Amino acid sequence: MDSEKPHVVLLSSPGMGHLIPILELGHRLITLHSLRITVLVVATDPSTVRSHLHNQPADVRDLLEVVFLPPVDISPYVGPSTAILSVLVLMMRHSMPLVRSSIDGMRSPRPSALIVDLFATGAFDIAEEFGMLKYVFDTSNAWFLALTVYHPHLPESEENRHVVDHEQLDIPGCPSLVYDDTVDVYMNPENRILHEDYAEMGRDMAKADGILINSWEELEPATLKALRDPKLLAKFSLPSVYPIGPIVRSVEPIGGSSFDCGEIILSWLNKQPQESVLYVSFGSGGTLCIEQMTELAWGLEMSGQRFIWVVRPPTVDQKWGSLFKLKKNGLTRLDDGTPEYLPEGFITRTKEQGLVVPLWAPQTQILAHKATGGFFSHCGWNSTLESIVNGVPMICWPLYAEQKMNATMLSEHLGMAVRSKKAGTDRVLPRKVIETMVREVMGRDTAEGKRLRSTVREIQRMANAALEEGGSSYDALSKVVKQCEIKVQEAKERARG
Ligand code: UDP
């Protein structure tokens, strides 16, 4: 252990979509800067999370400690109408005494910085108590960050125009937010707790020593420029923004615990022609209603394209999926193995065409495979970045959180995805529309297919360049590391008197 190097604590809120980028940031800080990292994990299901941690490379294992905080009971404070954002905020709030005692117990060396995700900014008080630098890692993009920091300052009249009259919301210096792409807080104006929780997140940004985002300079130059506009900085008291992405999981070999189907999937992929397979997945918790699953199944089948589809039992409430209630063994099968909520005989009819995978698939391996040619996705930001770094064009099917903004960025601003504006709304998208989108994205010989591929590859190239030594994201992270090193130096000098 190098006691000269800073020790940094990372704090992740529940959900694989939050933990994965936090862990990857830890890896990057170790492999590029030899920092010592402790990751504090608040998880609803620690055993599932543990199974994702089994494959740490040796150089990382020595410098990385992952600490699972005991689960907290927030059941007295939540009801069926509590928004997921508020559930996460509550869990993190109730975990703070555990975070504090954990940091208090870290002695050699004492940590010099705390990096938390969006839901855990309440830990900044603890960082201050222990004289640590404090950063927030917004694991999404600059556009969503701009909305988050703007939200607490949004004049009521403007908010009403958006929420009540469904007019677009103008975010200073950034692309406007049309109502069809809006986030949950503006779709549920009666939920004042959600409103206040989101406002608090925005306000807390001002307390940070810096904001890290999982994006990069060249991807969102205009929005980043706006976030650095001196007038805006002064108005919102914003600290510096460090775009350090894309931070995504590297492709690890399949083996051991979490991917029971991993070997089967990869050996099937190995037999498929190059870029011929569409990967269909809605993230770690996204689900569709049963009517939509039926249409999706028919749309895939009618397209004739090869596919791998990660399926979960449908929910009645399409919006929130089953992040906390995933029915692990909830797949009742019809005679041929088709889950009961898919069209009868689907597995038999598509057995030469595709694979249906229950619940979870090794996504990074699938997207990195040469046989994969498209990604039908809910546009979670991690999934989006994983698609970009592998140069895979997308079909957007946003479900919740900021995913509709992501879908617009991918389809309209960047041009690397296709989207039907009706996907992810309360309306069921018919099979014919799905079939058309699938053909469009998988069309290797069509003008549109070629355009999508060359666009995403150009973005992939930019992403790689940003991460390389001397690239914008490499430099941004180095600046944060430098601040941590100065902090360590200052502490040493103080100790020497
Ligand atoms: N993921 C996976 N296999 C699955 C579903 C998801 O490996 O079957 C991973 C995916 O690679 C990504 C993360 O889980 O890293 C999901 O994060 P994202 O931000 O895309 O969506 P969320 O789950 O937070 O909605």
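What pLDDT does the protein chain average, and what share of the residues score at least 70? In this predicted model, the protein chain has an average pLDDT of 90, and 91% of the residues reach a score of at least 70. For the model as a whole, the scores are an ipTM of 0.99 and a pTM of 0.92. Where pLDDT is low, the predicted coordinates should not be read in detail.

The largest nonpolar core contains 143 residues, and of these Ile 308 and Ile 395 touch the most other members. When neighbours within four places in sequence are left aside, the contacts of Ile 395 include Gly 374 and Phe 376, Ala 417 and Val 418, and also Met 437, Val 438 and Val 441.

The ligand is surrounded by 20 residues, of which Gly 17, Gly 283, Ser 284, Gly 380 and Ser 383 are the closest. Two or more residues of this shell are given by each of helix H1 (16-33), helix H15 (363-368) and helix H16 (381-389), with H16 providing the largest share, 4 residues. Sorted by class, the shell consists of 12 polar, 6 nonpolar and 2 charged residues.

Helix H18 (residues 431-442) packs against helix H19 (residues 447-467) at an angle of about 60°, and their axes are 6 Å apart. On the side of H18 the contact is made by Glu 440, Val 441 and Met 442, and on the side of H19 by Glu 448, Gly 449 and Leu 452; by class, this contact has 3 nonpolar, 1 polar and 2 charged residues.

How values were computed
Residues numbered from 1 in each chain as written. Predicted model: local features only at pLDDT ≥ 70, side-chain atom pairs only at ≥ 80, totals over all residues. pLDDT = per-residue confidence, 0-100. Core = buried A, V, L, I, M, F, W, Y, C linked by C-beta atoms within 7 Å. Buried ≥ 20, exposed ≤ 12 C-beta atoms within 10 Å, placed from the backbone. Contact = placed C-beta atoms within 7 Å. Near = placed C-beta within 6 Å. Nonpolar A, V, L, I, M, F, W, Y, C, P; charged D, E, K, R; others polar. Axes fitted to C-alpha atoms, helices over the stretch in contact; angles between N-to-C directions.
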